[in-house]
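This report is meant to be read beside the sequence and the 3D view.

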Amino acid sequence: MSKFSKWKSMGTNPPIFIGVMGMTGVGKSTFINSLTNDPDIRVGKGLRSCTKEIQPAHLKHVTTDGKSYDVYLVDTPGFDDTEMSDTDVLLTFVDWLGLQYQNELKLSGLIYLHRITDNRMTGTATRNLTMMRKLCGEENMKNVLLVTTRWEMMDYERCVEVEREELLGAGGFWHGMVSQGAGHARYNGTLGAARQIIDRIVVQSPVFLRIQKELSEGKDVKDTEAGQALITELEKQALKRERELAQIREDMLKASENAERNAELLEEQRKISEDLIKKMQQDQENMQKMLEADRAMMQQRITELQAALGRKRKWCIIQ
């Protein structure tokens, strides 16, 4: 019997789990901290990531109609993390989702944060959004809340224009998800706005995400939709780096024809070449890690994660 099954026997509601996703630097930790004041949730400076692991933070949330909920906001590293590869980010998230699934704890929602001040959707932002959709599944879009942040940092009318033209309107990056049932909201940095966002999630029926169902069917991470999307991205990245390296070597060959005059250029290109080769080696290692991430290894990491969360007393109310 699951050690979390006591809610069923006691007739009380289990805690509500809400994942918080988005690019590095978008303000995930700041959003969570504003609601929980959890000392373990570190807030980064600039675009450098502070989140290297899944971090649940507890919140006693009371809705406007007086209902009280035990809420866990789950801080997650982004798929552009400055300290972790996308492979490590995916495996970290999968381990936590696996732990939730084993303990029969569903997710009430996913909050996806995006800076309204980003006038254009970059390749990195698109990759984060794609991974979120693959992890979640179209059938669970009603449990996704797409939230624009930093409304207080730009002219309001300009924010509305960006929201309409780049995100919500026909052809916008969020238009498809909203048409599938995802909600959208605005966050201006205030506690009131943050609480309103949580109000919208706690009333949702909890679900298992698509990747949790895929893993429960016996698939390895690499065979899930999210895993396949990441492998495709790694393959594209490898081809891009190979083309870049070939161009650098061609340029170095031309420069070497007059080595004395181009000595400084040659040195600069040599450093770029070495850095690119190092990144290619890291890409190969990440690809290998994905291909070798079988279910036995995942189960071992889940066991280690549960022990680590227990030591931090992150599960103290549900043990």
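A residue is called buried when its relative accessible area is under 20%, exposed when it is over 50% and partly exposed in between, with a 1.4 Å probe and protein chains only. Helices (H or I, at least four residues) and strands (E, at least two) are DSSP runs, numbered from the N terminus. This is a predicted model, in which local features need pLDDT of at least 70 and side-chain atom pairs count only at pLDDT 80 or more, while totals for chains, interfaces and linings use all residues. Residues are numbered from 1 along each chain as its sequence is written, and side-chain values use heavy atoms, with hydrogens and water left out.

**An enclosed helix**

In helix 2, the buried residues are Lys28, Ser29, Phe31, Ile32, Asn33, Leu35 and Thr36. Because seven of the nine residues of helix 2 (residues 28-36) are buried, this helix is largely enclosed by the rest of the structure. Its buried residues pack against strand 1, strand 2 (55-62), strand 3, strand 4 and helix 7 (191-202), where contact means heavy atoms within 4.5 Å. Just after helix 2, asparagine 37 takes a positive phi of about 55°.

**A pair of helices**

How are helix 4 and helix 9 oriented to each other? Helix 4 (residues 123-136) and helix 9 (residues 225-256) pack at an angle of about 155°, with their axes 8 Å apart; the axes are lines fitted to C-alpha atoms, for helices over the stretch in contact, and angles run from 0 to 180 degrees between N-to-C directions. Angles under 35 degrees count as roughly parallel, over 145 as roughly antiparallel, 65 to 115 as roughly perpendicular and the rest as oblique, and helix 4 and helix 9 are therefore roughly antiparallel to each other. On the side of helix 4, the contact is made by Arg127, Met131, Lys134 and Leu135, and on the side of helix 9 by Glu225, Ala226, Ala229, Leu230 and Glu233.

**Aromatic rings**

Rings of Phe, Tyr and Trp (its six-membered ring) pair if their centres lie within 6.5 Å, and planes under 30 degrees apart count as stacked, over 60 as edge-to-face and the rest as tilted. By this rule the count comes to five aromatic pairs, and two of them are given in the table.

| Pair | Centre to centre | Between the planes | Kind |
|---|---|---|---|
| Phenylalanine 17 and tyrosine 72 | 5.2 Å | 15° | stacked |
| Tryptophan 151 and tyrosine 156 | 5.7 Å | 50° | tilted |

The pair of phenylalanine 17, in strand 1 (residues 16-22), and tyrosine 72, in strand 3 (residues 68-75), links distant parts of the chain, 55 residues apart. Phenylalanine 17 is buried at a relative accessible area of 0%, and tyrosine 72 is buried as well, at 2%. Ring pairs link Phe17, Tyr72 and Trp96 into a cluster. Tryptophan 151 is buried, with a relative accessible area of 8%, whereas tyrosine 156 is partly exposed at 46%.

**Backbone angles in loops**

Glutamate 104, in the loop between helix 3 (86-102) and strand 4 (109-115), has a positive phi near 60° although it is a residue other than glycine. Arginine 150, in the loop between strand 5 (144-149) and helix 5 (156-168), likewise is not a glycine and has a positive phi of about 65°. Glutamate 104 is partly exposed, with a relative accessible area of 40%, and arginine 150 is partly exposed at 27%.
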